[in-house]
Amino acid sequence: MSSYVKIKLQAGRGGDGIISWARNRYNSRMGPNGGNGGNGGSIYLVVNKKINDFSSINRYLWKAENGFPGQRDSKFGLKGRDISIDIPENTEVYDFGEKIKRTTVTSDSPTYLVCRGGKGGRGNKSFKSARYQSPQLYELGEKGEQRKILLILSKFKRIGIINLLDSENKAQNNWENLREELCSQLSGIEFFDFPSEIFSKNINDFYSSHLELCRLFICVIHFDFLKGLQNLLLSIESKLKERGFSKLLKIIYFDNEESLESSDDCIYINNLGDSDFSKVSSKLNWELSQFQGLPCFKSSQVIDEEGFIEYSDEILPEKEELKILKNENVWEIQSSRLSYWTSRIPQTTWHNLERLREKLKIEEIMKILKKQGGIEGEVIRIYNFETTIY
C-alpha cells in the first residue's frame, strides 16, 4: 500500500497571439484580425472513492498540453487539454517549492486545481486602438505553473525515532517490544529510524526527504545517560525546530523502583515494570491530534495567495524593489515585473519594442542607474532585453 507519493507537475503554456490582416481581392490591409492564443492545459486532483492509496499514480512527471496559437480572422487558438489525477479522499497536498500545505482534498470538495495553465497571448486584433490603428503588436503565451508536490493520506502518521539506548541494555529489548505493540495496535502509525549522528551536521538528502514525512519525533534514552547526552539532545532539538517541529518527545527508561512523574515532553518507563503501552499510546495519539499537517510545511492558513496574472496594464506593482547588479560595463536589472513583461512581449516589431520599453519603464531605470554612477554607453541588461544608457 502506497500511503504517499511525490510527483512533478507542469501545466501547459499559453498559445502565442499572432499578427494578421483582414484582406479582400482589392485590399490586403483592411485592419488587424490576428486572434489570441488558447490557454494552456491545467492539472486537477480528483477524488476517486474506489481507490484508497496512490498505487495508481505510476509516473513522476505530469505535463498538460500547451495552448495553440491564435488564428487568422480573429479566431482563438485551441485550449490545451487538462489532466486529471485520481487520488483517494482525505489526501493532503504539500508544495515542496514554497514549503506549504496547499489543502486537504475531501469528498466535500472533490476537485482541486493544483497547477494552472498559462493564459494565451493576445493577437494584434486585441491591440487596435486610437493610438494603434494598424498595430504590429502581439504577445507570447504565459508559462504554465510548475510544482513539485507531495500527496499523503491524512491517516498516515510517520514518527521519527532517535534511539540512544545501549543495545545490550534490558531497556532496548523493552523498547523493541513496545514499538512492535504500538505498530500493531495504532492504526496508520509508522516508525522510521534516524541515526543521531546526522543531527550534528547538515542532514543529507536521504534523511531530509524522510524527515519531511514525519509528524512527530521521539528520542528513546536511558535515565543514567541523560546528563551525558544533554548537548546532543539540545543539538537534535535545535535541528528539529529549524525544520518546524515544536518539540522532541523523550521516552526515558529507568531501573529503580521509584516512580517518576511524566511531563509534557517526557514519558518515564520503569524497566522493572510493565511496558506502559497505554501511557505511551495515549500520549502519541494526543500529540498527533495536535497537528493538522506535516510540521516541515507551513499551514495553509498562512499562504499568501497572489492570484494568477490576468491581462491588464496595472497587474504588477509600479513601485517595486529592483535588484541591480554591476558587472564591468553591464548593469543587470531584475524584478518580478520586469521578468513578466520580457517573457510576454517579443522583440520582433517596432511596436512591440516600443511597448516593451514602456512596460519596463526604461527612462526611470536610467535615472536610478545614473544616480548610482551609471555613465553614457554602458549596457543595461533586463533578462533578454538590452539597451544602453544615453
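Which residues do ring pairs link into a cluster? Here they are: Phe192, Phe194, Phe199, Phe206, Tyr207, Phe217 and Phe245.

## About the model

This is a predicted model, in which local features need pLDDT of at least 70 and side-chain atom pairs count only at pLDDT 80 or more, while totals for chains, interfaces and linings use all residues. Residues are numbered from 1 along each chain as its sequence is written, and side-chain values use heavy atoms, with hydrogens and water left out.

## Aromatic pairs

Searching the whole structure turns up 11 aromatic pairs. Rings of Phe, Tyr and Trp (its six-membered ring) pair if their centres lie within 6.5 Å; planes under 30 degrees apart count as stacked, over 60 as edge-to-face and the rest as tilted. Take Phe192 and Phe194: their ring centres are 5.1 Å apart and their planes stand at 65 degrees, so this pair is edge-to-face. Both Phe192 and Phe194 are buried (buried means under 20% relative accessible area, exposed over 50%, partly exposed in between, with a 1.4 Å probe and protein chains only).

Tyr340 and Trp341 are another pair to look at, with centres 4.9 Å apart and planes at 75 degrees, so they too are edge-to-face. Tyr340 and Trp341 are both buried.

## Charges over rings

## Salt bridges

Side chains of opposite charge can pair when their charged atoms come close. The whole structure holds 26 salt bridges, each a side-chain nitrogen of Lys or Arg within 4 Å of a carboxyl oxygen of Asp or Glu. In one of them, Arg131 meets Glu358 with the closest N and O atoms 2.7 Å apart. Arg131 is in the loop between β9 (111-115) and β10 (146-153) and Glu358 in helix α6 (residues 350-360), so the bridge ties together parts that are 227 residues apart in sequence. Helices (H or I, at least four residues) and strands (E, at least two) are DSSP runs, numbered from the N terminus. Glu358 is partly exposed, at a relative accessible area of 40%.

The loop between β9 and β10 also holds Glu139, whose partner Arg344 lies in helix α5 (residues 336-344), so this pair ties together parts that are 205 residues apart in sequence. The closest N and O atoms of Glu139 and Arg344 are 3.4 Å apart, and both residues are buried. Elsewhere, a network of salt bridges links Asp95, Glu98, Arg102, Glu145 and Arg147.

## Nonpolar cores

A nonpolar core is a set of buried Ala, Val, Leu, Ile, Met, Phe, Trp, Tyr and Cys residues joined through side-chain atoms within 4.5 Å. The largest one has 53 residues, and Ile85, Leu151, Phe194, Phe199 and Phe217 have the most contacts inside it. Strand β10 gives the most to this core, with five residues. At least three residues come from each of domain 1 (4-154) and domain 2 (157-290), where the bounds come from an automatic or database domain assignment.

Leaving aside residues up to four places away in sequence, Leu151 touches Ser3, Tyr4 and Val5, among others; contact means heavy atoms within 4.5 Å. A second, separate core of 22 residues includes Ile159, Leu178, Leu249 and Val280.
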